Amino acid sequence: MVLTSVGKMVGLQKKASGIRNICILAHVDHGKTTLADCLISSNGIISSRLAGKLRYLDSREDEQVRGITMKSSAISLHFVKGDQEYLINLIDSPGHVDFSSEVSTAVRLCDGCIIVVDAVEGVCPQTQAVLRQAWLENIRPVLVINKIDRLIVELKLTPQEAYLHLKNILEQINAVTGTLFTSKVLEERAEKETESETLSDASPGDQIYDWSTGLEDTDDSHLYFSPEHGNVVFASAIDGWGFGIEHFAKLYSQKIGIKPAVLLKTLWGDYYLNAKAKKIMKGDQSKGKKPLFVQLVLDNIWSLYEAVMKRDKEKIEKIVTSLGLRIGARESRHADPKVHLNAICSQWLPISDAILSMVCNKIPSPLDIPAERVEKLMCVGARTFDSLPPETQELKSAFMKCSSEGTAPVIVFVSKMFPVDAKALPQNKPRPLTQEEIAHRRELAKRRHAEKLAASQGKELSEKSPSESSPEVTGSTGDTKGEEQQLPGEGDNVTSKAVKQEADNKEHFIAFARVFSGVVKRGQKIYVLGPKYDPAESLHKLSSQCSATDGLPAVPHMTCCTLENLYLLMGRELEDLEEVPAGNVLGIGGLQDFVLKSATLSTSPACPPFTPLNFEATPIVRVAVEPKHPSDMPQLVRGMKLLNQADPCVQVLIQETGEHVLVTAGEVHLQRCLDDLKERFAKVQISVSAPIIPFRETITRPPKVDMVNEEIGKQQKVAVIHQTKEDQNKIPEGIQVDSDGLVTINTPNKQATLSVRAMPLPEEVTRLLEENSDLIRTMEQLNTSLNEEKKTHEINQKTLDRIKEFKEKLEKNLQGRKWRNAVDQIWSFGPRKCGPNILLHNFEGYKRSVWQCLGNSVKEVGKYRDFDNSIVSGFQLATLSGPMCEEPLMGVCFSVEKWEISKAGDSLSNSRQDSGEFDTTEHQQNEDNTLESSCTGEGPSANEHQDRNQSGPDSPEKVNKHKGELPLADCYGPFSGQLIATMKEACRYALQAKPQRLMAAMYTCEIMATAEVLGRVYAVLSKREGRVLQEEMKEGTDVFIIKAVLPVAESFGFADEIRKRTSGLASPQLVFSHWEIISSDPFWVPTTEEEYLHFGEKADSENQARKYMNAVRKRKGLYVEEKIVEHAEKQRTLSRNK
């Protein structure tokens, strides 16, 4: 029976000091949902016997089948501690790496979290990931070491061994926290140093370097988990028990007569009890004594388990009476000793009391939100809190107060949208009838029954006496008419039913949100602020006092909506609410047309959008989807929109080929998305393509040794039998390629000449560019606003410092003769102006660079000014789709060594100055094309581009339609377009002049396996091109942890195969890590004597890179060079068999 009414919950919501918002975080299968069951059963929502078996918060069918949580779900619990009442909003989150985005959505809404760790497996990869997420969101963690029963029953450790094992686990977890803390302190220290350097103008001779790192002065004791601090609970959720050491400290202080405060400090640690002196002494190990924790706590638990497992009735009775418990006859007679054990333990050490009292003591209420967290939430991107408008900074106090007054501005953050069946909404649930309604329905039923009887009797009479008087007959026909007239009404009823059914089938989305300030009321009008909303811009247009009810001018990234319904989230149930005060987690209905995945809602236009959620997993697995029946296409499109809204991590794209593509975080995530699409959102049969694996193209330095490890150039070259390499690199006429790879090419109208060279970037530089893509994007925005002479972006000093630091790092990594002055010559990054490739200008008379925002902006004059954007656009197109298989480039530097424009070209540029308007539109169209193709990661192929440029006399006519100047274009189309195409061609041929390689996406793979299945794990890894990095044995167990890297292309079905081969004893965790060059050359053919001897004439042993390249080319419909047997005839001997 449910112990707490909704009314009681609503009352508790108003008292912010008694609210605790917590989420449960852990590695997969460490017992989060079982623990949540135990806490829910304390409120009587489920039976305590079913706790752990029911998995109440796993409400989806596939969650129950697979046995893992796939979405975060919330429930509100009531907890009484002494005379204090608490409302605990508990969010259960998934532990599987594919669903780590759900963890991010849960963490944002909470003030604290319970980290659950398996006592046998210890700290796992996902434990580290969730600790890091909690750290980044600045929320307070507490620790539950779960599954201690496994140490007793499975590993059969003695209490002393178990104590050492638990101590070890605590050290590991504190080590993870420690690394997070030190990195933060060192960062702050570095920031302070740079500030002090800018402030102090002291001469260099006076500076004394301080070698202390600042770690000595900072107090970090509150961060670590330690039982004496009261932030650790030892538990076994499946057996229903858990305790913090304060429970035993109180218990034994009465028995032994030692103060509880002393026991609290000494119960955990190297202390032992001197029974004679009744004193607690230090140094148990050196004297060979039992530690207090073992003697007073673990020994008792071990002896209880032993007694129950061995069915020692006398001992059990003795324990039960000494503890003063009452155990029912049903439990004590049960065939399964675990049931008996659960009955004793859950009364002696109830897990819910231990955990919820720890939560109430250690986790802050919404009133105690740290100022640092508020500032972090309010600052998007590179902005600092001080640079926000003053009206926005004032909102910080509203956050800190968490006040529920009517005057306080309402600030709500929606972390995700989740779908709910219409039947589950409170307004659609069947409600119990009142006495009056029951009586009324009984009357109606009686009347209907009487009418039926009368009608049937009338029919019998008319059949018996058809010759009777006519008035009666007419009366009877009148009756039938009446009946007929009722029929259309019934028809209306049927149609209304159908409409209602359709409405029921419609998915309702509820926003999963938290109120940070003010009171949210049903029917209230509120602003929805998108992630790009800037309060500084809108405050010019609006007064900070205006409310969402006023008619407002259009402000970008801001809409106004009405909050239709407010719900209390109770796991699988929803309860209606009228208003929700600050500090609470709630569901909001009616936002599905305004919020896509997450948003900030506020009544004040000065409120900034919150920092976007940081997701640990990168979506990397792509599939194309299409309906089995083409007529179902509209349903599929609608279904994919709904899926996109329902899942925080999934991405839905339409490629330029017209394919609908789904991008997901991993195989399990993909399966869940496809199931949802089929059964819930689209409700149509769909066919799914094989996974689309992303690759990157790059170039390398020429190799020193050949395929048989002989030095190149030393041995005799043999005549190449098949000329694939030469065919592939055939250079068309009019393009010159030097021996060192410099490509010179003219525009089709011969007015300009370009010379481009391609060079591989050092690995560190590529990594640096990838990590700083957001910063590069910011630089691009700043440069654009500088060029257009807008002053909208006030350049922030912190951003400038970051850009300077980035430039210094680039200079440090790009050293040597060939990279001299390279950093200052950077013209653009690509693709999409923020990718891991660089364009340099290495010719005379051009000064513009990407570092304009640092103050050295040069207004470009002369012949290059009008066309430099065309060169950059050509470079963007070239880096977007490489020559091997139209995949984006990575780690390539293009250097423009020469760019000459002839006299005619000059006149073109002069005439363009008059007609600048048209050409900018022309260029914009080109830019749009670039962007369109960039959305899909595929661009038009080189040949298409040439065809487009050489489209004959069609293009000048188009130009002349716009404006009447002939010099702008010739028969080859506009000059800017020719430059774009020529630059793209030049980049492609420059790439082909160097050794090309494919880059594959790689997963890091962590596998936990026992010693007996290690060999099989290695067999599966080597078969799938995996590479083992390290293996280590976990202390105190027979489990090995194997760390390996595995290509994404080979990972499909990997987890299933490993489970099958090892009979479920090993399970891998795959997380996207980095891009890696595939060492083999996709175009390699044997050319030397030794290579012929080793590989044979055809060299047809499979080349990994070629296999991948051809697969991608086939998928994109590009030409693939392969031998196909067309006319196969069976060989036959002409002589007859004798």
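Residues are numbered from 1 along each chain as its sequence is written, and side-chain values use heavy atoms, with hydrogens and water left out. Because the model is predicted, local features need pLDDT of at least 70 and side-chain atom pairs count only at pLDDT 80 or more, whereas totals for chains, interfaces and linings use all residues.

The chain comes to 35 helices and 36 strands (DSSP runs of H or I with at least four residues, and of E with at least two, numbered from the N terminus). Of its 1138 residues, 50% count as buried, that is, under 20% relative accessible area with a 1.4 Å probe and protein chains only.

Helix H10 (residues 292–309) packs with helix H13 (residues 337–348) at an angle of about 150 degrees, the axes lying 9 Å apart; axes are lines fitted to C-alpha atoms over the stretch in contact, and angles run from 0 to 180 degrees between N-to-C directions. The two helices are therefore roughly antiparallel, a term used for angles over 145 degrees. In contact, defined as heavy atoms within 4.5 Å, Asn300, Ile301, Leu304, Tyr305, Val308 and Met309 of H10 meet Pro337, Lys338, His340, Leu341, Ile344, Cys345 and Trp348 of H13.

Within H13, the buried residues are Pro337, His340, Leu341, Asn342, Ala343, Ile344, Cys345 and Trp348, and these pack against strand S7 (241–243), helix H8 (245–256), H10, helix H11 (313–323) and helix H12 (329–333).

Notes. Parallel < 35°, antiparallel > 145°, perpendicular 65-115°, else oblique.
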